[in-house]
Each structure stands twice: as C-alpha cells, then as structure tokens.
Amino acid sequence: MFQMLRHRFALYCIVVLVAGCGGGSGGGGSGGGGMGATLDLPYLPWTKPYITGCGENCTSTALYAAPAGNLSVTNLPRLRTSDLPFAPIAHNFVGHQRLLVGVDHVNRPLADLPIVGSRKGLNLHYGTLQGLIDRPTLIDYFASGYRGEPVERFANRPEVRLIGPHTARDVDLVTHTLQLLNTALPEDFTITSLETMPTQSLRHTVDAEGYYVASGEERDNTIYIEFLPVGALYTQDAGATAWTNTDGHTVTSAYIQMSEEAPAYHDDRNARILLAHELLHALGLNHVGFIFDSILLDGPPIFWARQGDLYQPMSLLYPADRAALTALYRDLAPGEDYRALGPWAGTATHLHGNGPFTGFGVILQNGFAEPWAYGPLPAEDLANSTAISGTVTWDGGLLGFSDQQRPVAGDATLRVTLATLTGTADFTNLETWAGSPGTFAPGSGTRWGDGDLGYSIAVRGNTFHQTGGDDGVVTGIFTGPSHEGATGIVERADLTGAFGATRKM
C-alpha cells in the first residue's frame, strides 16, 4: 500500500525572513607554535566583531559577534550535472572571506588540538575532541521527527531527475545542494545520478488542495525536482513542497516542487537551504522541534544565521542534521525503531594540517570520516593572476584515515600549467599507523598501499577537479591573495584524506 506524505514550506515565512536575516559563519583561534606563521585555526563559526551604538542619546558602545557571511557562490564556476561526484565548494562573501571545500564543523575548537609534528611548513595536529551530538541527543532528534513511528527512507541509492523547464542556475543549485547532502550520506547512498528532463512534468499529479496521487509515470528510487511559477503551485503561499510515496516504511519515490517566484529562490544561500530542507524530507527525515539547531525546523528559522548557540555552518547542515542523515542511511533500516540505534559516541578523532595559506583535515566520528579544507579567498581567478606564470608548483602534505580507520600521512605536490589550466596532483610517501602516529615522522609508519596516488587535474576559476589517474575523487581550491596555497580533499573507498600545499617561489 502506498502512502502519500506532504511537507509544505509556506512562502509567507520566507517573505518575513529575507528582509531581516543574513548569512553567518565566522572564525577565530590562532595557529601558534611549531612552524611559525600559520593560518588561523577554524573555531567555527567564523565571526567578526562589530561595534554598535546603544541609541540616539547614548554614548556607550557594545561589542557584538556579527555574522561574517555564509555560503556564497558569487564568481565561483557554475556547476554542471557532471560535477555531482565532487565535493561542494563555497565561500563566505564578507568578513574573513574564506574559500571552503567539503564540510565546516560548527563550534569545533580545533585550536585545542595539540601539534604533534610538522611537514613541509605545515603544523600537524592529532587528537580527540568532544563533539556536539551523542546518542541521547540523536535519539531525541529522531523522536522529535518520527514521534514513536518507525523510520522511513529509501532502501537503495536514490537517483534525482530535474524535470520541467529550468535554467543553468537551477542545475547549479540542485547539483550544489546534492553535493552538500552527499557529505553526510554513507558511500553506498551518495547521490551520483542527476538527469535533466525539461519536457517532463508531474505538476498534474497534485490537486488544488495539495494532495499528490502517483500517476504511474514515476520511476522507483527516484526524487523528482520541478521549478514552477507560483501560479502553478497547489497554493500560492508555498515556497516549496515535498511529497513522498512509500511502500510500508520504504520510500519508493519523491516529488519536490519549488516556486521560482519565492524570495528564497532568488537568494543563493536561502535557495540551497530551502531545497536541502525538502530533500531531507524526500530522504525520510521529518520536521523536528525547536529545541534543536536544524534546517528541519518548520518555518523561517531554517534561514536564520544563528539558532540557539550555533551559527549555521557554511555547509548548511547543522551537526544534528548531519548525524541523523548518516545514522538513518548507515545504521537504521526502513521500518526499524530508531531506538534500536547502536552506540553513537559524542567524541571524534581529528587530523588537521595547518599552514600559512591552508587549513585542512579529517574528522573521524562513529566510523564516518568527513574531510574539509579551506583558505583565504584569492583576489582573482588563477588564470588572471599576475603573480605567477608558466608551470607553477605547490608543495605540502596529506592527512587522512584509511578504511581501517588508521591515520595516513604523506607528501602532496600539485603542478599547474597556466597556459592550459591543467596539471597533476601527486600524493607520495604515504604511510599509515596502527595506533597513534606520534610525530608523523617519515619512515615511522608502514607503507599505505603502494605508497602513492597520482591524478590529472583541470582548473576552473580557483577550483580544480581530477580528470583522470588513480581511483578516487579529488576536489580542490587555490587559496591566498596571490594563490600562495592549494588545498582540497581526496575520497576513495580505502582513504578519506585532505591535503594542503604552499606555492614554491
């Protein structure tokens, strides 16, 4: 028997929000010690202070933490459907102006990690820190959404179809939002298929009262997304709506309508938040209570720069959202009681490399590794740089965790020929350690695999992606005012890593 569920997000909420809510994520900490000058360690959110007066007849001032800007894609290369396998890239458009690839972990005090070694101008950090989401918190999150009912989700990796007339910006929006969700999905469920079908529509399956009736045109294991004028939505105060078809507790297909006239649609950050909110519904998660920091709240707070004590990460999903999506698709089966969730630790093991123009690392928590990398936003695209010419080399290191959850470290060298905007990313002298890596001293571990990985890369703007070479996916960015740094992540079945390098003079 099929069950039709509807999740509606009202347009009036969005109208109230857009005028009074900005993007927010900020920074702090310092990377002192070890190798001298290094990039500020990210104690997220990245905030910047500002001074505000207390009234017309008041001379005193107060210091506030102002949002430093969150998730801008201005001037970044527009994504295509073929970019879906790569990691998400964004920057915060004001404040510290940092370019990020992968996931930013809100309120992770990485400055508390000890420096255990150094490599090619990088400080290397390793240690365990307390996280934000433990098992009781995660169970409460599920309980708030499912209210005692069994969990619902797709049984297999879903595909996505973008249907109906759409623009290149719509493709970019959908691709980037899926990339953001993929960072929290286990490898077997990351969404790797995005098909565009501009002549197909499912708008006729929704009646005037908002009820959805499967037409038989829907393909199993597929999420459909359609952008519509407000007059075509079932009700004109809806900014976006998601319906799911279920067989028992297994989601078989889903349909998302999004208004192309809603204020949120015209704001890059808010459009991604709204679409991610509906995609989480399509994937099986429900609205949660206001005791949580989450983009699954019902109403305007999903767009707020700050909920409770947390600013929203640049990668959109709050820690509870990330943990719930990971646990739902890795540890719980369709129809299972969420209280059957096994152990879920609130602590995480961190690897972190820190140099003058790059910060990068991997967090390992509950067997799930999440890579990230960031650095200062360059003043111009690499192709337009007047500070470099010919073939340019960046030299540094890689840190990661193997599929056995063991630390991995090695060297990283990137070369780019500016005339062709192509090059190579090579990771060599790769070693692993069965326990603590100590200082990561070369030769102190055992060889990982055959000891090296090599990829061909292509540059777009200040980003690069692998175009060939060994198995895996490489996503990277150039950082620093004059592209002094290069950093990014490597994702393979046997390695989740991040790397950073400094340009040779």
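Trainee: Which residue just after α4 takes a positive phi?

Mentor: That's Gly284, with a phi of about 120°. Keep in mind that this is a predicted model.

Trainee: And α4 itself, how many residues does it have?

Mentor: Helix α4 has 15 residues, running over residues 268–282. From its first C-alpha to its last it reaches 21 Å, close to the 21 Å expected at 1.5 Å a residue.

Trainee: What caps its N-terminal end?

Mentor: Asp267 does that for α4. One of the side-chain oxygens of Asp267 lies 3.1 Å from the backbone nitrogen of Arg269.

Trainee: Why is α4 said to be largely enclosed by the rest of the structure?

Mentor: Because 14 of its 15 residues are buried.

Trainee: Okay, new topic. Which residue has a positive phi of about 75° although it is not a glycine?

Mentor: Leu316 has that one. You'll find Leu316 in the loop between β15 (310–311) and α5 (319–330).

Trainee: Is Leu316 buried or exposed?

Mentor: Leu316 is buried, with a relative accessible area of 1%.

Trainee: What about Leu421, where is that found?

Mentor: Leu421 sits in the loop between β20 (407–417) and β21 (422–432). Its phi is near 55°, again a positive value in a residue other than glycine. Leu421 is partly exposed, and its relative accessible area is 21%. The cut-off for buried is under 20%, so Leu421 does not count as buried.

Trainee: Let's zoom out. How many helices and strands are in the chain?

Mentor: There are five helices and 27 strands.

Trainee: And how much of the chain is buried?

Mentor: Buried residues make up 58% of the 505 residues. The accessible surface of the chain comes to about 18800 Å², and 50% of that belongs to carbon and sulfur atoms.

Trainee: What share of the contacts comes from residues 24 or more positions apart?

Mentor: Such pairs account for 66% of the contacts in the chain with a separation of 6 or more.

Conventions
Residues are numbered from 1 along each chain as its sequence is written. This is a predicted model: local features need pLDDT of at least 70, side-chain atom pairs count only at pLDDT 80 or more; totals for chains, interfaces and linings use all residues. Side-chain values use heavy atoms; hydrogens and water are left out. Helices (H or I, at least four residues) and strands (E, at least two) are DSSP runs, numbered from the N terminus. Buried means under 20% relative accessible area, exposed over 50%, partly exposed in between (1.4 Å probe, protein chains only). Contact means heavy atoms within 4.5 Å. Accessible areas come from the Shrake-Rupley method with a 1.4 Å probe; for residues, only the protein chains shown count as cover. The expected span of a helix is 1.5 Å times one less than its number of residues. A polar contact is a pair of N or O atoms within 3.5 Å; within protein, one must be able to donate a hydrogen and the other to accept it, and residues adjacent in sequence count only if both atoms are side-chain atoms.
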